[in-house]
Amino acid sequence: MRRPITIFSGQWSDLSFDEACSIFSSIGYEGVEISCRGRHLDPVRAVKEPAYVKEHKDILEKYNLKCFAISDHFTGHCVGSDEQLESFVPENLIGKPTEIRAWAVEKMKYVAHTAAAMGVDVVTGFMGSPIWKYFYSGKTKERVEAGYDLIVEVWSGIFDVFDELGIKFALEPYPTQIAYDYYTTQKLLEKFNRRPTLGLNFDPSHLIWNMVDPVMFVHDFADRIYHVHIKDTKLNYNGRNSVLNSHLSSSSDTRRGWTFVSPGRGDVDFEALIREFDHIGYYGPLSIEWEDWGMDRVFGATEAYEFTKKINFPPSARNM
């Protein structure tokens, strides 16, 4: 069974949805993971204006594309966090963390309804974290447990809506989030009593620079891999730099210990991952999140599509 090759639209949200889809189609992509940011998809409008949803479906049909998932990483971050929110919320809510959380909770429910309206059953995103600020200092066992408990409290009502609509939420483990590596992911799933609503948007680029084995991660969380990002990271640890990257720019500063690069140009072993996807029976989308600020994005998205097409081999039909 062949996995569809799709693309995450977030890095293209400065373009209109029509313009972005025209580019994606011309390259050869089969579908889009539509981002609820920039000019691509407004979940509030999608719920209140049926014509708005039809417009998006018409654009997809025009370019022979399908929607396999939608994403709202930033709103999800605001649900569970109390800092780093200013650029993600309406201006009138800046500096009002309680009101921001209430706004974000309601908006994530709109996102679930938008997914249903678009005919998809997976939403990718973040969940935020009230305890990331204690990453190094100030953490106590009590604070950590309280942080996880708060995430369960604020997200359970959202997940109730997801369940009513038959939608799953695929969290992307990521620094600044409640789950950012192996053990924090394991703990989060346990805190939710392994509620089926909550799974993972697997992205190897964030694991590898944290020295977590992406293949082992897929193997151990096999039943929770609801969506996959194809994204790469180049490691450059040389004795001067570090995992924390010294506040150097995330774009193209060559002094960094790691940086995101176009798929196939970094240190992720994608062939091993494809073999593991075959082993666990994941045949969902391979969604390219293209992020390489040292390369033209159309060139990079084209190269990334060809790379992913090459590695996207089916399993053997023979039993050994």
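Two elements, α4 (73–80) and β9 (258–261), each contribute at least two residues to the lining of the largest pocket, where helices (H or I, at least four residues) and strands (E, at least two) are DSSP runs numbered from the N terminus. The model is a predicted one, in which local features need pLDDT of at least 70 and side-chain atom pairs count only at pLDDT 80 or more, while totals for chains, interfaces and linings use all residues. Residues are numbered from 1 along each chain as its sequence is written, and side-chain values use heavy atoms, with hydrogens and water left out.

The largest share of that lining, 3 residues, comes from α4. In total 35 residues line the largest pocket, and Y174, P175, T176, W209 and W258 lie nearest its centre. A pocket here is, on a 1 Å grid over the protein atoms alone, an open set of points where a 1.4 Å probe fits, with protein on both sides within 12 Å along at least five of seven lines, and its lining residues have an atom within 4 Å of a point. The lining divides into 16 nonpolar, 12 polar and 7 charged residues, with Asp, Glu, Lys and Arg counted as charged, Ala, Val, Leu, Ile, Met, Phe, Trp, Tyr, Cys and Pro as nonpolar, and the others, Gly among them, as polar.

The helix α4 is largely enclosed by the rest of the structure, because 7 of its 8 residues are buried, a word that means under 20% relative accessible area with a 1.4 Å probe and protein chains only. The buried residues of α4 are H73, T75, G76, H77, C78, V79 and G80, and what covers them includes β3 (66–71), α5 (97–118), β4 (122–125), α6 (141–165) and β6 (198–202), contact being heavy atoms within 4.5 Å.

Some of these strands belong to a closed barrel of 8 strands, which runs β1-β2-β3-β4-β5-β6-β7-β10 with parallel pairing; two strands pair if DSSP finds at least two bridges between them. Between β1 and β10 (residues 286–288), which run parallel, there are 3 bridges, and I5 has L286 in β10 as its bridge partner.

S9 counts as buried because its relative accessibility is 0%. Leaving aside neighbours within four places in sequence, S9 is in contact with F24, V32, E33, I34, S35 and H40.

Technical notes. Buried means under 20% relative accessible area, exposed over 50%, partly exposed in between (1.4 Å probe, protein chains only).
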